[in-house]
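I opened my notebook for a friendly look around this structure. Here is what I looked up, entry by entry.

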Amino acid sequence: MVDQKYPRVEINLTYLKENVQEIVSRCRTLGIDIAGVIKGTTGLPRCAQAFADGGVKMIASSRLEQIEDAKCAGIDLPMMMLRVPMISEAKEVVRLTDISLNSEITVLKELNKQAVAQKKKHRVILMADLGDLREGFWDKDEMVRTAIQVEEKFTNLELAGVGTNLGCYGSIEATADKLDELVSIAEKIEEKIGRELTYISGGATTSLPRIIDGDMPKRINLLRVGEGILLARDLDIFYGYDMSYMHQDVYTLKAEVIEVKDKPSHPVGKISIDAFGHRPVYVDRGIRRRALVGIGKVDYGGINEIFPRDKGVKVIGASSDHTILDIQEAERDFKPGDIVEFGINYASMVYVTNCRNVQIVYR
Ligand SMILES: *Cc1c(COP(=O)(O)O)cnc(C)c1O
């Protein structure tokens, strides 16, 4: 019975592992290691295992809970904390991870203190903000000073390198110029500390175009990739790259039809506000055949984040627990009890993999 439960998200672990292998091998030929980022799939340990099996150098997440789950599941790769740590979680960062991304001296001080207490060496990467305006040092002199301080003063921290993140808040592209800037900062630090840094981490999925186009600056040797492996969708849809060598259907969302009827496409009566307090505009397309499926915004976010796999099926609306499909032009004759399949994107992936109402099924 439990196997028949809907809604569900089916995750093809073989496809996921093959996606990991594809990106890992493309990067390896350029001397670039991959940190497999598991936060998009809510850190599900079996997905983390697929990253490990596919050959990533480390597992990375912005959430310590997910890293703890991966460790408990027996994954023994180095763990990376992606979100610059809260002071209040410094102890757990040192306990659970081997390396973290950082941008504040007070946090680094606390990490060092916790590393001393736990008799551990914790590795840190200092983040440069190159214009995307999320985390990282804006003042590059401050960054160099901090690097020297980590190198010389913090006994239990190891300055592993520098990194940057692009295309998250400021939607700034990871151009070769931007990544060259990061390399110059690294070289300035290397000159001051008199040794080579282990890592120059040139970003996330949004930096993969540099691999594809063949203009990745030579010294970039670590990328932190989630979406480009889990979905391989954004580079295709937003940047026009051919990603057909990747599985773009690792995830399939399935929901059950609970009603099929011909109804007017324009609501009947005095229009006020919908379930979420919005005042939508409805287009009158006459009487249309519609299917209602047992899944809603609570499960996947918004109606523009799920994509029916059947031709001719359109998502026209949803409330918390119901989704309305226009099936007038569908090639299938839907009836209650039928299953509708959807592709998902990053936004709906983080919801459906993190939702108690959605069963997770591995293939
Ligand atoms: C989320 C995140 C990544 C991975 O992003 P994707 O777009 O999923 O590849 C890399 N680095 C940092 C700092 C992140 O927060």
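Which residues are linked in a network of salt bridges? I found Arg8, Glu10, Lys254, Glu341 and Arg363 linked in this way. I counted a salt bridge when a side-chain nitrogen of Lys or Arg lies within 4 Å of a carboxyl oxygen of Asp or Glu.

Ground rules. I am working with a predicted model, where local features need pLDDT of at least 70 and side-chain atom pairs count only at pLDDT 80 or more, while totals for chains, interfaces and linings use all residues. Residues are numbered from 1 along each chain as its sequence is written, and side-chain values use heavy atoms, with hydrogens and water left out.

Salt bridges, one by one. I noted 24 salt bridges in the structure. One of them joins the side chains of Arg123 and Glu158, at 3.6 Å from N to O. This pair links distant parts of the chain, 35 residues apart, with Arg123 in strand S6 and Glu158 in strand S7 (residues 157-164). I took helices (H or I, at least four residues) and strands (E, at least two) as DSSP runs, numbered from the N terminus.

Next I checked exposure, calling a residue buried under 20% relative accessible area, exposed over 50% and partly exposed in between (1.4 Å probe, protein chains only). Arg123 is partly exposed because its relative accessibility is 24%, and Glu158 is partly exposed at 27%.

I then turned to Arg288 and Glu329, whose salt bridge has its closest N and O atoms 3.2 Å apart. Arg288 is buried at 9%, whereas Glu329 is exposed at 51%.

Asp215 and Arg210 also form a salt bridge, with 2.6 Å between the closest N and O atoms. Here Asp215 is partly exposed at 33%, and Arg210 is buried at 7%.

Two loop residues. Is Ser103 buried or exposed? I have Ser103 down as buried, because its relative accessibility is 14%. Ser103 sits in the loop between strand S5 (99-102) and helix H5 (105-117). Leaving out residues up to four places away in sequence, Ser103 touches Val84, Gly136 and Phe137; contact here means heavy atoms within 4.5 Å.

Last, I looked at Trp138, in the loop between strand S6 (122-128) and helix H6 (140-153). Trp138 counts as exposed because its relative accessibility is 57%.
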